[in-house]
Structures are given as C-alpha cells and as structure tokens.
Amino acid sequence: MATTTAAAMVVAMSVLLLGGGEAAAPRKPVDVAFEKNYVPTWAEDHIHYVDGGREVQLYLDKSTGTGFQTRGSYLFGHFSMHIKLVAGDSAGTVTAFYLSSQNSEHDEIDFEFLGNRTGEPYILQTNVFSGGKGDREQRIYLWFDPTKDYHSYSVLWNLYMIAFFVDDTPIRVFKNSKDLGVRYPFNQPMKLYSSLWNADDWATRGGREKTDWSRAPFVASYRGFHVDGCEASAEARYCATQGARWWDQPEFRDLDADQYRRLAWVRKTHTIYNYCDDRERYPAMSPECHRDRDA
C-alpha cells in the first residue's frame, strides 16, 4: 500500500510539472440539509434552523458568536457553501468559511468576509497555510452586494492546485510548488468550518472601526452545505482513493483560458491587497507568485 501510494505520488508530481490536459469547471454542487455534513461547534443556541435545516442562520451578539464544522475530515475534494452575509453596518464582524487541519504545523484554506460600515463594500480575504506557514493574504472587493442574496463560495483542492471561486468566477489559484521549495497541503486531512464572530481589533480598517452592538444581533445565512471530498481520519496520511476521483483528472489540474481571463479581471479591477506585491513585508517575492499568475 505504501509503495503504491508513493509511486502514485511520483507520477502525479510528474504530471503536475509537465502539465495536464484541457481544464474544466468543477462539478455542480449538490445542495443538502445542514445535518447531512455538519454539526454545531460552539454556542449552538446562536444557530437557527430554517426549512428543516435547508437554511441555517448564525447569530452574533455581545455575548458570543457561533460556528459549525463538518462531521468528517477530508483530503482533497470540492467544497461549496451558499452564504448571505451580515447586512447593514457589519463593521468589526467576520464571517469565515475555511478548511483546517488540527496540529501545530497546520494546513488551512480560508475565506474570510470582513464586515463594513453601511454603504462601503465588503472585503473578502483569502489565505493559504501550509506546514504552519501562512502570511499569504489576498483581499478583494466583491463586485456585488453579498448581503442582498445568496452567492456561492467554493474551493477545489487536489494534488495540483487550490482554486477559490466566487459563484463561477475564480478569484485565486495556489498551485503545488513543492519543486520550488514551497510546502503544499497534501497529506493532512482537514475539516470544514464556518463561524460568525467579533474581530473589531483588526477586521475593519485595521481595527479602527469598532462593532456597533446597538445593531446586534448580526446574522449570516447559509444554504447548500455541499461536500464532495475524500473522507479520511485525522491520522490518515493519504487518501486511499488518490488518483481515482473526478478532481484528480487532467481537466481539473489547472484553470482554462477563459477562467484565467476572469481571474485577470478580478486581479485588475477588484484586488486591493496581494502579498505577492508587498515588498515592504516581503522584500523577496515568494517563489509561487509567478506560477500562480499573481505577479
């Protein structure tokens, strides 16, 4: 088993470096009820269920926020959530949807929605941790009001890349650059988490805008709860079906030309911070930036 897995990894890395076939969009998410894939993590009394759990609302007040997590842990897959963010004056609040492993050198793939003062645009921050190293923040303004209706936020994660999507538009790619000396999340199963919490020490204008508790409770709403991943225990080193799932196939190893055009549009018109451009924090550009088309 170990020999077979190691050989598969070598073949996969060779394909990664040589390039795969034509790309394709991730499969369409399947909407399910909350309880199929998720359970409350904390402050369950601040989670409200609507339509038999087809919709879930998270409440934040001065006493506490709340959150939920998947029942299982996953190594690679496609994960999607429909979210309607906190409306009105949401300054100081953070709504998060992310994958994370549970150890000191943890891996993590983040969507964080940073609240705003009424009339200002929401900021979406993404980040990738690998082997405990993060500091790869990117921030964009969304091109719609995410409080008016539900929008889809999804991650496609395989051995070759991590792709972030807002609806069908890719907003970020983090490729496997192990050959460049960059660690990549490939052997630590992760759970999915979502939470609504107060972060007014940093979330809005660097912490200068504080949460207005007179507007509480703040509410973020969820639908979809799509999980299509290779389930593994937290101790599992490799997914037993590595190479056999749809997301491992050549057409999902990179974005296609149209997806890269849309990503370039996001970069040009909506990006407000990219760690790859930050010479003050990082005098030397990280080696993955060119491969990820962030430079």
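Helix α3, made up of residues 257-269, lies across strands β9 (138-141) and β15. The helix runs at about 90 degrees to β15. The model is a predicted one.

- Eight strands form an open sheet, in the order β1-β4-β13-β6-β7-β8-β9-β15, and their pairing is antiparallel.
- At the edges are β1 (38-42) and β15 (271-274), each of which pairs on one side only.
- From one strand to the next, the twist averages 15 degrees.
- Strand β15, an edge strand of the sheet, is also one of the strands that helix α3 lies across.

**Strands β6 and β7**
- Strand β6 covers residues 93-100 and strand β7 covers residues 108-114.
- The two strands run antiparallel and are joined by seven bridges.
- Ala-96 has Glu-112 in β7 as its bridge partner.

**Thr-126 in strand β8**
- Thr-126 belongs to strand β8, which spans residues 123-129.
- Thr-126 counts as buried because its relative accessibility is 3%, and the cut-off for buried is under 20%.
- Its side chain makes a polar contact with the side chain of Arg-172, at 3.0 Å.
- Beyond its neighbours within four places in sequence, Thr-126 is in contact with Asp-110, Phe-111, Arg-136, Glu-137, Gln-138, Phe-164, Ile-171 and Arg-172.

Key
Residues are numbered from 1 along each chain as its sequence is written. This is a predicted model: local features need pLDDT of at least 70, side-chain atom pairs count only at pLDDT 80 or more; totals for chains, interfaces and linings use all residues. Side-chain values use heavy atoms; hydrogens and water are left out. Helices (H or I, at least four residues) and strands (E, at least two) are DSSP runs, numbered from the N terminus. Buried means under 20% relative accessible area, exposed over 50%, partly exposed in between (1.4 Å probe, protein chains only). A polar contact is a pair of N or O atoms within 3.5 Å; within protein, one must be able to donate a hydrogen and the other to accept it, and residues adjacent in sequence count only if both atoms are side-chain atoms. Contact means heavy atoms within 4.5 Å. Two strands pair if DSSP finds at least two bridges between them. Axes are lines fitted to C-alpha atoms, for helices over the stretch in contact, and angles run from 0 to 180 degrees between N-to-C directions.
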